[in-house]
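Hi everyone, thanks for coming.

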Amino acid sequence: MSNSLLDLAYGRAAAFLRELPERHVGAQGTRDELVAALHTPLSDDGEDPAAVIDALSRGADRGLIACAGPRYFGFVIGGSLPVALAADWLTSAWDQNAGIYATSPAASVVEDIAREWLLDLFDLPRTASVGFVTGGQMANFTALAAARHGVLRNAGWNVEEDGLAGAPPVHLVVSAASHITIHFSMRLLGFGTRALIKVDADEQGRMRADSLRETLRTLDGPIIVCAQAGNVNSGAVDPLREIAEIAHERNAWLHVDGAFGLWGRATESKRALLDGCELADSWANDAHKWLNVPYDSGIVIVRDSASHRAAMTLSAEYLQQTTGVERDNFEWVPDFSRRARGFPIYAAIRALGRRGVESLIDASCDRARQFAEILGHDPRVAILNDVVLNQVLVRFNNSDDVTRNVIARVQQEGTCWLGGTTWQGNAAMRISVSNWSTTPEDVEKSCAAIMRCLDAVSQD
Ligand SMILES: *Cc1c(COP(=O)(O)O)cnc(C)c1O
């Protein structure tokens, strides 16, 4: 591999990162422009690699979103800490297959260490098992596969061997405000979505414990309950201690989708909000959201490691599986061969330390409150949620049209980017602060852009 090729790629990447804070945050090119810039007929003989990297970096540029930058507030999308990006570059260069110990002892050991640190940061049972998956969706899927194993094993059924046909029915209890990836996981697991029993959520999007109690009273047999730490719109956290007590009275498996909210466990200021989280049986989290490591990186944690392993593992003669202390990463995830995504997580946590993680989370929450304070100052603006984490819901002129038009204008204007949602039946702008590099000045600049857009929409 020629150094000049890698130098070229490095130069383009570094230039992108340098310009990132000042880029137009949204996409600039249309699909047609991007196709025109990138499409060539498939050639017979290929092209010079440097010319390809040059063409790719130039051709993609206007279709790149500055979501790694400081003023992207759409969805819940973290940036990349420089140290995590650097470790990710090494991960690509090393090209390890993180499937089994034998294919990368280093990846295995680093995942073991990252497991220990994560359980410490989240203050979850230190004996829990941890798998490194592609994202929150696969973390939910893996945790719920372990749950399916656990509750059916207790009912005398081996779902891995016998499948679901003829199995005792499992009651699937979710919050009315569950993330769609919970529903999707139920599909993948063969449960389907029709059978989901939805428990009411309150005005912040928290599962109502009293409704859960009522619901569980009527159910017999295996039960899985899905709670949430961090509603994707409001950031609200379900009353986890109460939910855990209610679920465990009925021997239910309690899963907590904490894709971003679980990071609240790593900070003194948010710990009370997530009180009781440690009582659950499984947890889903994203590292590519709030830990700010590059895609794709999710984390699944399961209290009963035997259920976790039983749901994911398989064996084959050729594998050279270890029987001792060495970790075979594939036993904890749906993938077999895969990227060594433990390296960036390890690097991020090691560089930040306990206090660094805490300030990353606290600073995002402070910036979210700053948004609410500045915007909420204007009588035309309503802040729709209690800003308990990093999410803010904003509505303008109490009007769906005005709110949607402001969002569209902000996206076009390019100072910042945020998206829309529907909250309690009304259109709302959603702001998510999840990036290590967002400063108070970025929030001021973004609020000014939002108010300029509101003025312009009001004059239309
Ligand atoms: C983002 C999110 C997910 C899905 O995570 P991906 O990494 O996008 O797969 C699931 N649940 C919640 C609450 C989320 O915020």
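Okay, the C-alpha centres of domain 1 and domain 2 lie 36 Å apart. Domain 1 covers 3-68 and domain 2 covers 85-348, with bounds that come from an automatic or database domain assignment.

Before going on, some housekeeping. This is a predicted model, where local features need pLDDT of at least 70 and side-chain atom pairs count only at pLDDT 80 or more, while totals for chains, interfaces and linings use all residues. Residues are numbered from 1 along each chain as its sequence is written, and side-chain values use heavy atoms, with hydrogens and water left out.

Now the empty space. Rolling a probe the size of a water molecule over the atoms shows where empty space is left. The search here uses a 1 Å grid over the protein atoms alone: a cavity is a set of points where a 1.4 Å probe fits but cannot get out, a pocket is an open set with protein on both sides within 12 Å along at least five of seven lines, and lining residues have an atom within 4 Å of a point. Grid points are joined across faces, edges and corners, and a volume is the space filled by probe spheres set on the points.

The largest pocket has a volume of about 1500 Å³. It is lined by 40 residues, and Ala 13, Phe 16, Leu 17, Leu 85 and Trp 89 are the closest to its centre. Which element gives the largest share of that lining? That's α1, with 10 residues. The elements giving two or more residues are α1 (3-19), α3 (49-60) and α4 (82-94); helices here are DSSP runs (H or I, at least four residues), strands are E runs of at least two, and both are numbered from the N terminus. Each of domain 1 and domain 2 supplies at least three residues to this lining. By class, we get 26 nonpolar, 8 polar and 6 charged residues. For those classes, Ala, Val, Leu, Ile, Met, Phe, Trp, Tyr, Cys and Pro count as nonpolar, Asp, Glu, Lys and Arg as charged, and the others, Gly among them, as polar.

On to the ligand. There are 15 residues around it, and Gly 136, Gln 137, Asp 257, Asp 286 and Lys 289 come nearest; a residue counts if one of its heavy atoms lies within 4 Å. Helix α6 (residues 136-154) gives the most to this shell, with 3 residues. The shell has 3 nonpolar, 9 polar and 3 charged residues. An oxygen atom of the ligand is 2.8 Å from a side-chain N or O atom of Asp 286, and that distance is also 2.8 Å for His 288 and 2.8 Å for Lys 289. Taken alone, the ligand exposes 380 Å², and the protein buries 84% of that (areas by the Shrake-Rupley method with a 1.4 Å probe; for residues, only the protein chains shown count as cover).

The peptide bond from Tyr 295 to Asp 296 is cis, with omega near -5 degrees, and Asp 296 sits in the loop between β6 (282-286) and β7 (298-302).

Methods:
Polar contact = N/O pair within 3.5 Å; in protein donor to acceptor, adjacent residues only side chain to side chain.
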